[in-house]
Amino acid sequence: MASPSVPTVRQTVDQLYRTESRRVFATLIRLLGSFDLAEEALQDAFAAAAEKWPQQGVPTNPRAWLVSTGRFKAIDTLRRRTRFDASLADLAAKLDTAAGPDIIDDSPIADDRLRLIFTCCHPALSPEAQVALTLREVCGLTTEEIASAFLVSPSTLAQRIVRAKAKIRDAGIAYQVPDQADLPDRLETVLQVIYLVFNEGYAASSGPDLTQANLSAEAIRLGRLLQVLMPEGEVTGLLALMLLQESRRMARSASTGDLILLADQDRARWNAEQIAEGRDLVQQVLATGRVGMYTVQAAIAVLHAQAPSTADTAWGQIVAWYDVLTQLAPSPIVALNRAVAVAMRDGPAEGLRLIDELLAQGQLNHYYLAHAARADFYRQLGDHAAAKVAYQQALALTKPEPERRFLEGRLQALR
């Protein structure tokens with residue numbers, strides 16, 4: 001072991017906590033079988049490192065040392081608690097005799113992280129619980145950070161996490177990657193959770209800010225991790241989609257925080273590296289001939305990213321991709337987005353007709369973007385009276401402050 005100076009060791013411990021703590025945590029869950037016990041063991045292990053490494057030096061394999069120390073700390077904790085709960089003695093004995101070479105081997109680490117993702121995204125949990133648990137346990141965000149992002153109180157968020165852990169414990173949800181037969185459905189849930197986190201960061205559903213960069217960054221980090229652990233086509237497609245959408249972040253709002261539409265964005269501010277990476281990932285999946293809904297959406301995003309302007313965008317190809325997406329994952333939102341693309345190709349009257357058909361079917365009546373799109377089509381057609389009504393309908397359904405200001409500005413311009 002090396003013997004660096006105390007400040008250097010402290011920096012090493014801090015750095016390891018930032019980069020390795022969730023990996024150590026995932027392995028401790030496998031070894032201890034409990035979220036709470038693993039969390040306590042993790043903290044104890046890093047506290048021990050901060051105390052011992054300045055004197056003993058940093059171990060050759062710090063992660064293995066932390067895992068092993070955390071496990072022994074947990075066993076000691078259980079033994080101390082046996083005076084209050086005799087049943088813990090059996091658990092401590094079982095953990096003590098369950099030691100094996102894989103405890104300090106790096107080889108199961110990837111599987112441990114994959115198990116943790118699938119456990120946090122188990123379909124038995126509510127969507128809110130899946131998101132909260134994933135951000136807390138896989139990403140390592142604090143309860144306060146998650147609560148702030150989703151505009152709930154820390155106590156409410158903490159209760160949500162506690163209930164989710166209790167559900168996992170009481171329902172006997174296995175800490176494992178699903179069997180091959182169950183994998184497609186379970187993987188779909190995981191991808192939905194990651195994309196939900198990204199969307200909340202890319203376009204906040206409420207609050208004063210248009211975006212929340214920390215959530216988008218965490219979703220992309222999760223996507224990268226999952227793509228390394230499980231390089232399936234749709235995992236790659238989702239990562240590509242998030243990168244391509246994120247590439248426009250800096251151009252989507254003014255310095256005042258006001259919304260800037262795609263047609264008005266300064267494309268020089270789009271992130272060229274993210275666009276290039278996203279495009280390459282899309283091409284990898286398309287080359288296999290097996291595409292899903294995330295890859296199709298990413299292919300649409302590539303066409304937007306490659307276009308020099310809105311007018312020069314390949315709208316015909318985008319409509320064709322939306323036709324594919326309608327077959328893969330039909331939904332009112334997909335139909336709305338297709339209608340907007342058709343309007344860009346064939347004119348606002350055709351887009352208006354398609355949206356009115358959706359509303360007549362009782363779809364999207366409470367979705368503000370449908371009314372905002374109608375308003376814009378009416379505005380382009382010169383029907384300002386109808387545009388005002390549609391903008392007012394959209395405004396009544398809109399929560400995010402930047403989008404409210406945008407709609408109010410459009411209304412004011414018509415007046």
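## An aromatic cluster

Y195, F198, Y202 and Y294 form one aromatic cluster, in a predicted model where local features need pLDDT of at least 70, side-chain atom pairs count only at pLDDT 80 or more, and totals for chains, interfaces and linings use all residues. Residues are numbered from 1 along each chain as its sequence is written, and side-chain values use heavy atoms, with hydrogens and water left out.

A pair of aromatic rings is described by the distance of the centres and the angle of the planes. Rings of Phe, Tyr and Trp (its six-membered ring) are paired here if their centres lie within 6.5 Å, and planes under 30 degrees apart count as stacked, over 60 as edge-to-face and the rest as tilted. By this rule there are seven aromatic pairs. In one of them, W53 and W65 have ring centres 5.2 Å apart and planes at 65 degrees, so this pair is edge-to-face. The pair links distant parts of the chain, with W53 in helix 2 (residues 35-56) and W65 in helix 3 (residues 62-81), 12 residues apart. The pair of Y195 and F198, by contrast, is stacked, with 6.2 Å from centre to centre and 10 degrees between the planes.

Y195 and F198 both belong to helix 9 (residues 183-202), where they are three residues apart, about one turn of the helix. Y195 counts as buried at 11% relative accessibility, and F198 counts as buried at 0%, where buried means under 20% relative accessible area, exposed over 50% and partly exposed in between, for a 1.4 Å probe and protein chains only.

## The overall fold and its cores

The protein has 19 helices and zero strands, both taken as DSSP runs numbered from the N terminus (helices H or I, at least four residues; strands E, at least two). Of its 415 residues, 48% count as buried.

A nonpolar core is a set of buried Ala, Val, Leu, Ile, Met, Phe, Trp, Tyr and Cys residues joined through side-chain atoms within 4.5 Å. The largest nonpolar core has 86 residues, and W53, L116 and L226 are those with the most contacts inside it. A second, separate core of 35 residues includes A339, L354, A390 and L395.

## Two crossing helices

Two packed helices are described by the angle between their axes and the distance between the axes. The axes of helix 6 (residues 127-138) and helix 8 (residues 154-170) come within 9 Å and cross at roughly 95 degrees; axes are lines fitted to C-alpha atoms, for helices over the stretch in contact, and angles run from 0 to 180 degrees between N-to-C directions. The two helices are therefore roughly perpendicular to each other, since angles under 35 degrees count as roughly parallel, over 145 as roughly antiparallel, 65 to 115 as roughly perpendicular and the rest as oblique.

Where helix 6 meets helix 8, the residues in contact (heavy atoms within 4.5 Å) include A132, L133 and E137 from helix 6 and I161, A164 and K165 from helix 8. K165 is buried, with a relative accessible area of 17%, and, leaving aside neighbours within four places in sequence, K165 is in contact with F35, D36, L133 and E137.

## A residue in helix 19

L407 lies in helix 19 (residues 401-414) and counts as buried at 3% relative accessibility. Leaving aside neighbours within four places in sequence, L407 is in contact with A372, Y391, A394, L395 and T398.
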